[in-house]
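Subject: Structure handover

Hello,

Here is the structure I said I would pass on.

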Amino acid sequence: MSSLFQALECLAACGADGLLPDARNRLIRGLESCRTADGGFRSLDRSCDPYYTFFGWLALRALRAPYDRNELCALMTPHTSAANPIDATCARLLLHVEKKSFHTWLTSWIDLWRADDPYSVFLASLTFPLQPQWVMRLIWRAQRLQPDSLAPEGSPTPRLAAGLLLTALAGRDTAMHAAALAARHHVTGGYASASGTQPDLLATAVARFALRVSANPEKAPGLHAVHEADLAFIELCWLDDGLFGPSPTAEQGDTEHTFYGLLALGTCRPTPERIT
């Protein structure tokens with residue numbers, strides 16, 4: 001595996017490949033219903049949004065559905081310098097994948113070294129091939145200077161999962177992060193974003209992804225043991241509008257959670273992908 005982005009895409013495509021044709025087509029129709037006149041994807045308030053456009057693009061790629069590459073690139077280019085850093089990161093990653101832009105690569109490299117938390121490191125790392133372990137160890141050591149780095153159990157699940165991946169890439173002991181992440185599992189299936197809360201699809205997808213690809217030898221039996229319960233929870237998050245939503249009780253789905261639904265399904269299927 002050459003990058004974290006490749007691992008994400010591989011597992012999401014693996015999830016899509018496990019769907020029956022009718023189910024795949026239903027998801028594609030659901031995604032198309034979210035398209036805006038300029039070719040992007042709408043947010044929950046029905047306006048075109050770079051964040052939801054990014055996830056709509058990822059979901060279409062996982063489903064191997066056609067899309068207009070040039071239209072999406074033109075739409076996202078202005079957002080590469082957006083005030084919202086997440087929107088800017090999403091736009092730069094899309095452009096890097098579709099057009100191999102040197103400018104977006106350079107900006108992401110700068111972001112990688114400026115990142116002040118594991119989740120920011122994870123987002124910036126998506127643009128690059130896997131870095132040598134000594135590079136990741138330098139970044140890991142810098143993250144250890146952050147106030148909450150020694151108590152990962154207090155972090156939200158996405159940040160905890162990113163911390164597990166960073167620790168694994170740095171070649172350090174992942175047992176503390178893996179245990180803290182495993183503790184987020186809900187008895188009925190799925191993972192919660194914080195201790196004592198109900199499970200949600202985003203937390204389930206990122207937790208299973210991090211545990212799956214971190215190559216931690218201690219986590220495999222535990223992840224396998226909750227497989228069926230997690231799969232049942234993931235399927236309940238597929239809503240009547242054809243999209244995945246954050247939880248089984250959500251009123252509507254969106255492109256973000258549709259991609260996370262595919263990713264979560266992919267973690268429940270066999271694949272050779274590992275970070276080593």
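Predicted model: local features only at pLDDT ≥ 70, side-chain atom pairs only at ≥ 80, totals over all residues.

Residues are numbered from 1 along each chain as its sequence is written, and side-chain values use heavy atoms, with hydrogens and water left out.

Overall

The protein has 14 helices and two strands (DSSP runs numbered from the N terminus: H or I of at least four residues for helices, E of at least two for strands). Of its 276 residues, 56% are buried; buried means under 20% relative accessible area, exposed over 50% and partly exposed in between, with a 1.4 Å probe and protein chains only. The protein exposes about 12400 Å², and carbon and sulfur atoms supply 57% of that area (Shrake-Rupley method, 1.4 Å probe; for residues, only the protein chains shown count as cover). Among contacts with a separation of 6 or more, 63% join residues 24 or more positions apart, a contact being heavy atoms within 4.5 Å.

Helix H2

H2 covers residues 21–32, 12 residues in total, and reaches 16 Å from its first C-alpha to its last, close to the 16 Å expected at 1.5 Å a residue (the expected span is 1.5 Å times one less than the number of residues). Its buried residues are Ala-23, Arg-24, Leu-27, Ile-28, Gly-30 and Leu-31. Seen down the helix axis, they fall within an arc of 160°, so they line one face of H2; the arc is taken from the directions from the axis to the C-beta atoms. Pro-21, Asp-22 and Arg-29 are exposed on the face turned away from that buried side. The cover over the buried residues includes H1 (4–17), H3 (50–62) and H14 (255–267).

Core

The largest nonpolar core holds 76 residues, and Phe-122, Phe-209 and Leu-262 have the most contacts inside it. Such a core is a set of buried Ala, Val, Leu, Ile, Met, Phe, Trp, Tyr and Cys residues joined through side-chain atoms within 4.5 Å. Helix H11 (residues 201–213) gives the largest share, 10 residues. Beyond its neighbours within four places in sequence, Leu-262 touches residues including Leu-11, Leu-27 and Ala-59.

Cysteines

There are zero disulfides (pairs of cysteine sulfur atoms within 2.5 Å). For Cys-268, the nearest cysteine sulfur is that of Cys-14, 9.8 Å away. Cys-268 is buried at 11% relative accessible area, and Cys-90 is buried at 6%.

Regards
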